[in-house]
Protein chains: 2
Amino acid sequence: MNILFTSVGRRCELLKDFRQALGDDLKIVVTDNSPYAPAPAFADVAYRVPLINDESYIPKILEICKKEKIDAITTLIDPEISILADNRDKFEALGVTVLAPYKETADLCFNKYEMFKYLTEKGIPTVLTFGTFEEFKAGYDKGEISLPVFVKPRTGSGSVGARKVESLELLEELVVRDPSLIIQEFMDGKDMDADIYVDTFTHEPVAIFSKKKISTTIGGANKTISFKDDALFEFVKNAMKVFKFNGPLDMDLFYRDGQYYLSEINPRFGGAYLHAFGAGVNFPALIYKNVVDKKANEEIIGRYEEDVCMLMYDSVVIEKLSNLEGNMQEI
Amino acid sequence: MNILFTSVGRRCELLKDFRQALGDDLKIVVTDNSPYAPAPAFADVAYRVPLINDESYIPKILEICKKEKIDAITTLIDPEISILADNRDKFEALGVTVLAPYKETADLCFNKYEMFKYLTEKGIPTVLTFGTFEEFKAGYDKGEISLPVFVKPRTGSGSVGARKVESLELLEELVVRDPSLIIQEFMDGKDMDADIYVDTFTHEPVAIFSKKKISTTIGGANKTISFKDDALFEFVKNAMKVFKFNGPLDMDLFYRDGQYYLSEINPRFGGAYLHAFGAGVNFPALIYKNVVDKKANEEIIGRYEEDVCMLMYDSVVIEKLSNLEGNMQEI
């Protein structure tokens, strides 16, 4: 299988997992805009490409697909997901499977307020969200929402730019000054996430791996532990019905008073997919089956052990500057 | 050589570097308070120990030294450095070399304001620092310091808790409310750092490796590049004369208008020592010469290549919870 990871950045361990899973039956091709991305050190072929919003970007990526006989493409950054979705036809014309959601789903995942409205319309529990201060104020006066709340950018992933706000005055000031912000209910439940693989033939979720943070005062974040819960698997399967995903995704959830809530979806390999792989949930093999064998996968939901821990640490690539620059091809 | 790394935490790559440098001629023993520390996965022997301020802590560490026939001990966290320095005699009585500074130097490194006063007294350029708002105000009125300034905790390492302050009113409010804060000149020069090894026989710096951040808008921090500058090496050698270090340390510096300024010293293996090792500056070999051969090292200052880059990325340890708990011995 020849796979292309675009905007590969720091995702070295993901490439190592693919290599471990598929061995010599794999060519890893990567792209990045920067010569200082560490992941190209673990690829078979690396290309230095323009920024994703450059007009020559997609033509160059298509050129790489032709030249390297790529079977499947996926991106590792959020802002590129819609771009791949927009150009799905061009990739498919070259026989390249696009491991990214279809257009409407990609756009929903990128906009937290549109996602909230859509999930609410479909009856899927999610985090109460307001698009403007006026909307929030109406809900506040009716007692539907109370302070504190979270304020965060309408687009973008995770908690980047998120801020807890305690007072109505500050909230108004912040949101009126910057209409790109949304207002979300402060969830005091437990947060967790699920790595999900949606089969490219059946469009059903065939693998779900759930993990939560290890609560520890020492050592801080980036320590997770696997768990299984049929209610979570059912929640995920039900939520997947209202979207059109294709390949790997990561779903953030809250759990409160016996109910799961969908917080957000990053429709790409999650940064902590490494945990799922380490626990035996082999997305590279699922991709291979879809892309090379051209067959649907059997469902392996929940086929992993509980209480498998993942502990993150810093690793490094050391390389002469001239080699970093020289090892990436231009196209 | 049998080496003990206390409070080993996430320093997996440092242990791998020691293994690579010394091969089978090395037993790596580590301690941590948490079973969720990833680094024990790369040690030969791991012990779970009390918190460093527990009264049984040092007796237990001494017990481990005896049991494992430890040749050298070093800690990987700042708050423990003074504790090792305080107990130097007890370790030396067991034949254990303490790779930590002597008492007064350890205390100076932990207190930014005392360090400032000491460096100034010794004529070593450093970052202008005030211990109280009154002191700052006097300097401000005389035109010795202007806004903005940095406010940070008196003790602790790096920029943890640091905050840029633009107004006199806010500064007074912050510092009067929390007297543990100090006020530092805002340095707009370039920042860089040096990994230094001070020989345990000659007490002279025998290795210096300097690196600076790679300025790049994409990908952010944790990318550094090596450089050499005789003026920096001379600055470091001169600064080392007024301290009593023993083993590895990391010095943060600023460079402005042709002059280096000492910002702070972390007298332990720096988090980015990996860069120095990858560029061939082999501290494990220097330690081996001191501790096992019981000889002084020859100076290797500046014996490395320029333009060697280090690019950080996330790696992981995956392990069953029961194994994490079972792999650490109690003593």
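1. In this predicted model, chain A holds 12 helices and 16 strands. Its radius of gyration is 21 Å, close to the 20 Å that the globule rule gives for 331 residues, so chain A is as compact as a globular protein of that length. Along the principal axes, the C-alpha atoms of chain A fill a box of roughly 60 × 45 × 45 Å.

2. Burial and contacts of chain A come next. Of its 331 residues, 54% count as buried. Among contacts with a separation of 6 or more, 65% are between residues 24 or more positions apart. The accessible surface of chain A is about 14,100 Å², and carbon and sulfur atoms account for 47% of that surface.

3. Chain A carries 39 positive and 53 negative charges.

4. Chain B is superposed on chain A by a rotation of 180 degrees, with 0.0 Å of shift along the axis and an RMSD of 0.0 Å. The two copies are thus related as by a two-fold rotation axis. The same surface serves both copies, since 100% of the contact residues of chain B recur in chain A. The residue of chain B that comes closest to the rotation axis is B:D314, with its C-alpha at 2.5 Å.

5. Strand 9 of chain B covers residues 181-185 and includes B:E185. B:I182 also has its place in strand 9 of chain B. B:I182 counts as buried, at 0% relative accessibility. B:E185 has a relative accessible area of 18% and is buried because the cut-off is under 20%.

6. B:E185 touches B:V127, B:L128, B:I145 and B:R256. B:I182 touches, among others, B:K112, B:Y113, B:T129, B:F130 and B:G131. The contacts of B:I182 also include B:F150, B:V151, B:K152, B:P153 and B:R154. B:I28 lies 154 residues from B:I182 along the chain, and their C-alpha atoms are separated by 39 Å.

7. In chain A, strand 13 (residues 247-256) contains A:D252. Apart from neighbours within four places in sequence, A:D252 is in contact with A:M192, A:D193, A:Y261, A:L262, A:S263, A:E264 and A:N266. A:D195 is 57 residues from A:D252 in sequence, with a C-alpha to C-alpha distance of 9.1 Å.

8. Most peptide bonds are trans, and most residues other than glycine have a negative phi. The bond joining A:L147 and A:P148 is a cis peptide bond, with omega about 0 degrees. A:P148 is in the loop between helix 7 (133-141) and strand 7 (149-153) of chain A. In chain B, the peptide bond from B:L147 to B:P148 is cis, with omega near 0 degrees. B:P148 lies in the loop between helix 7 (133-141) and strand 7 (149-153) of chain B.

9. Positive phi values are the other item. For A:K294, a residue other than glycine, phi is positive, near 55 degrees. A:K294 sits in the loop between helix 11 (283-291) and strand 15 (308-320) of chain A, and A:K294 counts as exposed at 56% relative accessibility. In chain B, phi of B:K69 is positive, near 50 degrees. B:K69 is found in the loop between helix 2 (57-67) and strand 4 (72-75); with a relative accessible area of 62%, B:K69 is exposed.

Terms used:
Residues numbered from 1 in each chain as written. Chains lettered and ligands numbered in written order. Predicted model: local features only at pLDDT ≥ 70, side-chain atom pairs only at ≥ 80, totals over all residues. Heavy atoms only, no water. Helix = DSSP H or I, 4+ residues; strand = E, 2+ residues; numbered from the N terminus. Rg over C-alpha atoms; globule rule 2.2 N^0.38 Å. Buried < 20%, exposed > 50% of the residue type's maximum accessible area, 1.4 Å probe, protein only. Contact = heavy atoms within 4.5 Å. Areas by Shrake-Rupley, 256 points an atom, 1.4 Å probe, with all protein chains shown as cover. Lys, Arg positive; Asp, Glu negative; His and termini not counted. Charge placed at Lys NZ, Arg CZ, Asp CG, Glu CD. Least-squares fit on C-alpha atoms with pLDDT ≥ 70 in both.
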